[in-house]
Amino acid sequence: MTDMRLVVVGAAGRMGRTLIRTVAETEGVVLHAAVERTGASALGGDAGLLAGIGENGVKLTDDALAAVVGADGILDFTTPSATLRYAELAAQARIVHVIGTTGCSAIDEEAIDAAARHAVVVKSGNMSVGVNLLATLVERAARTLGPEFDIEILEMHHRMKVDAPSGTALLLGEAAARGRGINLKDHAVRARDGITGARETGSIGFASLRGGSVVGEHTVMLAGIGERIEFKHIAEDRGQFAKGAVRAALWARGRRPGRYTMADVLGLNG
């Protein structure tokens, strides 16, 4: 089988550059195109030079439609509005769309579901192997311990992150909710201030910290009477997310259209 031809969108950003490097380091994939927003200063520049791996002959473009012609997949860690545009293109081209974008609304998710009728979509709040394994452990712990243990999720990211709670925190919250057999939307507590009253049994709390250059830290606490269990994941560089995304693309190649998660990629749903 020929190398999988991948398009990196948001190519001039931190994750975009990391994805370009990871594609170059991974067997079985090749960088087909690199896309940036119209007006970006990096347009026309060499993607390899931008990523610090030497010239590779792929020039950054803002013509996403032309970029996907002949491609096998899109790697997308952009913004919700941009992701919806790329989802439409992936659906039209019947190719793989790996989505690491966070902050999508319920309406955005419906649009991605619609695109997944024609494209192979892998979407996750976090693409790292470690976080997705952690989510499996959190789900099991929540199921085993029951509502007598209060669940709190603490996350910290760099000062430039624009959404909260993080997609990873929500992924972990969803895992805890599945373990409890409840709907996260109905039980999530995202802010506390002033006289809040006693903690409601069965709620899942979130707290978000922002500062410095922190790539990502997540702690899930299950607090009972007289004992507490904590699960923690620390991301030290963005390379883990990029490796997971490329792994997801290779896994998705040739599969039937539909929507999948990293748990599917890693075989954790069994």
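In which strand does His 233 lie? His 233 belongs to strand S11, which covers residues 228-235; helices (H or I, at least four residues) and strands (E, at least two) are DSSP runs numbered from the N terminus. The model is predicted, so local features need pLDDT of at least 70 and side-chain atom pairs count only at pLDDT 80 or more, whereas totals for chains, interfaces and linings use all residues. Residues are numbered from 1 along each chain as its sequence is written, and side-chain values use heavy atoms, with hydrogens and water left out.

With a relative accessible area of 17%, His 233 is buried, a term that means under 20% relative accessible area, while exposed means over 50% and partly exposed lies in between (1.4 Å probe, protein chains only). Residues up to four places away in sequence aside, His 233 touches Ser 128, Gly 130, Val 131, Leu 134, Gly 216, Glu 217 and His 218; contact here means heavy atoms within 4.5 Å.

Helix H7 comes next. Because 11 of its 14 residues are buried, H7 is largely enclosed by the rest of the structure. Among these buried residues are Gly 167, Leu 171, Leu 172 and Arg 180. Their cover includes helix H6 (129-145), helix H8 (184-187) and the strands S7 (150-157), S9 (204-210) and S10 (216-223). After H7 comes Gly 181, which has a positive phi near 70°.

The axes of H6 and H7 come within 7 Å and cross at roughly 30°; axes are lines fitted to C-alpha atoms, for helices over the stretch in contact, and angles run from 0 to 180 degrees between N-to-C directions. H6 is therefore roughly parallel to H7, since angles under 35 degrees count as roughly parallel, over 145 as roughly antiparallel, 65 to 115 as roughly perpendicular and the rest as oblique. Residues making this contact include Val 131 and Leu 134 of H6 and Leu 171 and Ala 175 of H7.

On the H1 side the contact is made by Met 15, Thr 18, Leu 19, Thr 22 and Val 23, and the H9 residues include Phe 241 and Val 246.

Charged side chains complete the picture. Across the whole structure there are 13 salt bridges, each a side-chain nitrogen of Lys or Arg within 4 Å of a carboxyl oxygen of Asp or Glu. In one of them, Arg 259 pairs with Asp 113, with the closest N and O atoms 2.8 Å apart. The two partners are 146 residues apart, Arg 259 in strand S12 (residues 258-260) and Asp 113 in helix H5 (residues 106-115). Arg 259 is partly exposed at 32% relative accessible area, as is Asp 113 at 39%.

Glu 152 and Arg 199 form another salt bridge, at 2.7 Å between the closest N and O atoms. Glu 152 lies in S7 and Arg 199 in the loop between strand S8 (188-189) and S9, so the pair ties together parts 47 residues apart in sequence.
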